[in-house]
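Here's a quick walk through a two-chain model. Have a look at the sequence and the fold, then read on.

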Amino acid sequence: MEGKRGESGMKDSCSSVSKLLEKYFDQEVTDKERSFIESHLRDCLTCQGELKSMEKLRDLVKAPIEEAVREEEFYWVWQKIKRGIQLREKSTGWESLRSWLDISPLFRRRVWIPVAVTMVILIVMVPLLFKKITSYPSPSVVEYIESQTHNVMIYESEKAKVTVIWLFEGPEEAPIS
Amino acid sequence: MNQEEAELISRCQQGDQDALKEIFDQYHKKVYRIAYGVVRQREDSLDIVQEVFIKLFRSIQNFKGKSKFYTYLYRLALNTAIDHVRKTGKYAVSSLDQEGIPQPAEESEKRPDQILLHKELEGKVNLAMERLPIDQRTALLLREVEGLSYQEMAEAMGCSIGTVMSRLHYGRKKMQELLKDYVKPHG
């Protein structure tokens, strides 16, 4: 009778302990709960087994990860992180320029494309035109000779040392009636 | 958070890369454990470590010191690892299938049959972890590998202590069931 009562008492205790056993294993119980569990564990093989099972599981989960950490070389990882930060800083600068362009309503409307093209054309063409004009200064008429049949005009440019002699027919005289 | 750590974080918030290096030296193994625990692949785990510290450098301004710094970092690591799994759809190839991983020193002294048994068991643990929902898997990692308290786990996982306990309980039950030949006490 007493034995039965003891067995049933242990079972009751087991069900109360099993609720706390995980917390006990994780060291999250109060002092009162700890002493209750520990006094139960001294006599209960089932609960001791449960606890051992949790310990074995912990070892199984932990071992391959710890092994992976031991095997790994980390010295080059920092170099990659450093490079990653620098790359992102560069792209951040570009992104901020782009975002500034997006903010401006003029740029958002893409008005700047024809404006930019015109500016480029002007920048390229103006010096060329200017060069042409300066390299060939306007010629001056040196002499102009008229005759009855032909006219002669002589142009001369000092810098280019070019002389143009222009010979053309004179105006026909109106027949004398 | 002690004063030394507070100063380190403050320097990092001002863009000091040397401060980030100090944080890296202190925490890179912890971040790797989380990454490897979630994705179970060496190369991917290293990529995650890099990503976590780059993200940390960019987002450390958001750390106001209300929680512990390492729980903030764990949260960043967990989210990055979980995002990686979701993006790539990759997880937990058994180590038996992996090539090019060097044997640790003590392993080379073991007999070939022992190494095979060890690798087989590791493969089974990986497969069992793979079958766990990601929340239960991360709860197990934070508790069993990192040894975080329920409160710290709740901060890192962004949930209540009750949820932490529930995830941990169901995770353990499922793992015990899947690995019953290895975890049940004999006799």
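Ten of the twelve residues of α7(B) are buried, so this helix is largely enclosed by the rest of the structure. Buried here means 20 or more other C-beta atoms within 10 Å of a residue's own, exposed means 12 or fewer, and partly exposed is in between, with C-beta atoms placed from the backbone. Helices are DSSP runs of H or I with at least four residues, strands are runs of E with at least two, and both are numbered from the N terminus.

Before going further: this is a predicted model, where local features need pLDDT of at least 70, side-chain atom pairs count only at pLDDT 80 or more, and totals for chains, interfaces and linings use all residues. Residues are numbered from 1 along each chain as its sequence is written, while chains are lettered from A and ligands numbered from 1 in the order in which they are written.

Back to α7(B), which covers residues 134-145 of chain B and reaches 16 Å from first C-alpha to last, close to the 16 Å expected (1.5 Å times one less than the number of residues). Its buried residues include B:Arg137, B:Leu141 and B:Glu144. Just past the helix, B:Gly147 has a positive phi of about 70 degrees.

On to chain A, which has six helices and three strands, with 7% of its 177 residues buried. A:Thr149 sits in the loop between β1 (140-146) and β2 (150-157) of chain A. A:Thr149 is exposed, with 7 other C-beta atoms within 10 Å. Its C-alpha is 5.9 Å from that of A:Glu169, 20 residues apart along the chain.

| Part of chain A | Mean pLDDT |
|---|---|
| Chain A, average | 77 |
| Helix α5 (residues 105-108), lowest | 52 |
| Helix α2 (residues 31-41), highest | 93 |

Where pLDDT is low, predicted coordinates should not be read in detail.

Definitions and conventions: pLDDT is the predictor's confidence in each residue, from 0 to 100.
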